[in-house]
Amino acid sequence: MARILDVGERFPDFVLPSESGTPTNLYSRIGGRTILVILHRDPVEDLVEITELIRGQVDIVTVSTGAPSVTAQVNGFSDPDGRILDVHLDQSRFLAYLLDTNLRVIRHIDTIIDIVEQVRDGLVGSDTGEGTRIESQAPVLTISRVLEQS
């Protein structure tokens, strides 16, 4: 059952294929700046226009059942089986979260209509941070059964 995150809740991390097709953690691609996470099952026709209107104000991440977005201003993730989308979207086809620099929900946006104004309203009084764009993930060392007793 899908659940809308409350204001102040931390947005959960996930692993999905990115633009390059490589499985990637969301948290490895974002942080330090205000983020707009757009979750959608159907293509968002105005996505390029939306990104142009709020470029420089927030970083944008999309999660969709189709191919990830490849525009320069958007980190895109593909969720072909809907595993992550099912956690956030019930019968709705679209939901967006505006997250602060610590990845906590500032507001949720349940319609594409007036999304630019809702993002700008959500930014009033929030710390947008300067941040830097993370282009790659640091290597992770995994040691199997390291905590098991002999």
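Does Val-146 count as buried or exposed? At 54% relative accessibility, Val-146 counts as exposed, where exposed means over 50% relative accessible area, buried under 20% and partly exposed in between (1.4 Å probe, protein chains only).

## Basis of the model

This is a predicted model, in which local features need pLDDT of at least 70 and side-chain atom pairs count only at pLDDT 80 or more, while totals for chains, interfaces and linings use all residues. Residues are numbered from 1 along each chain as its sequence is written, and side-chain values use heavy atoms, with hydrogens and water left out.

## Fold and sheet

The chain has three helices and seven strands, taken as DSSP runs (H or I, at least four residues, for helices; E, at least two, for strands) and numbered from the N terminus. Along the sequence they follow the pattern β-β-β-α-β-β-α-β-β-α, and buried residues make up 41% of the 150 residues.

Five strands form an open sheet of mixed pairing, in the order β5-β4-β3-β6-β7; two strands pair if DSSP finds at least two bridges between them. Because β5 (74-78) and β7 (105-109) stand at the edges, each with a single partner strand, one side of each is left without a neighbour in the sheet. Strand β4 (residues 59-64) runs parallel to β5 and is joined to β5 by five bridges, with Val-61 opposite Asn-75 in β5.

## Surface around Val-146

Val-146 lies in the segment after α3 (115-123). Together with Leu-141, Ile-143 and Leu-147, Val-146 forms a nonpolar surface patch with about 510 Å² of accessible area, calculated by the Shrake-Rupley method with a 1.4 Å probe, only the protein chains shown counting as cover for residues. Patch residues have over 30% relative accessible area and no salt bridge, with nonpolar side chains (Val, Leu, Ile, Met, Phe, Trp, Tyr) joined within 5 Å and like charges within 9 Å; a salt bridge is a side-chain nitrogen of Lys or Arg within 4 Å of a carboxyl oxygen of Asp or Glu.
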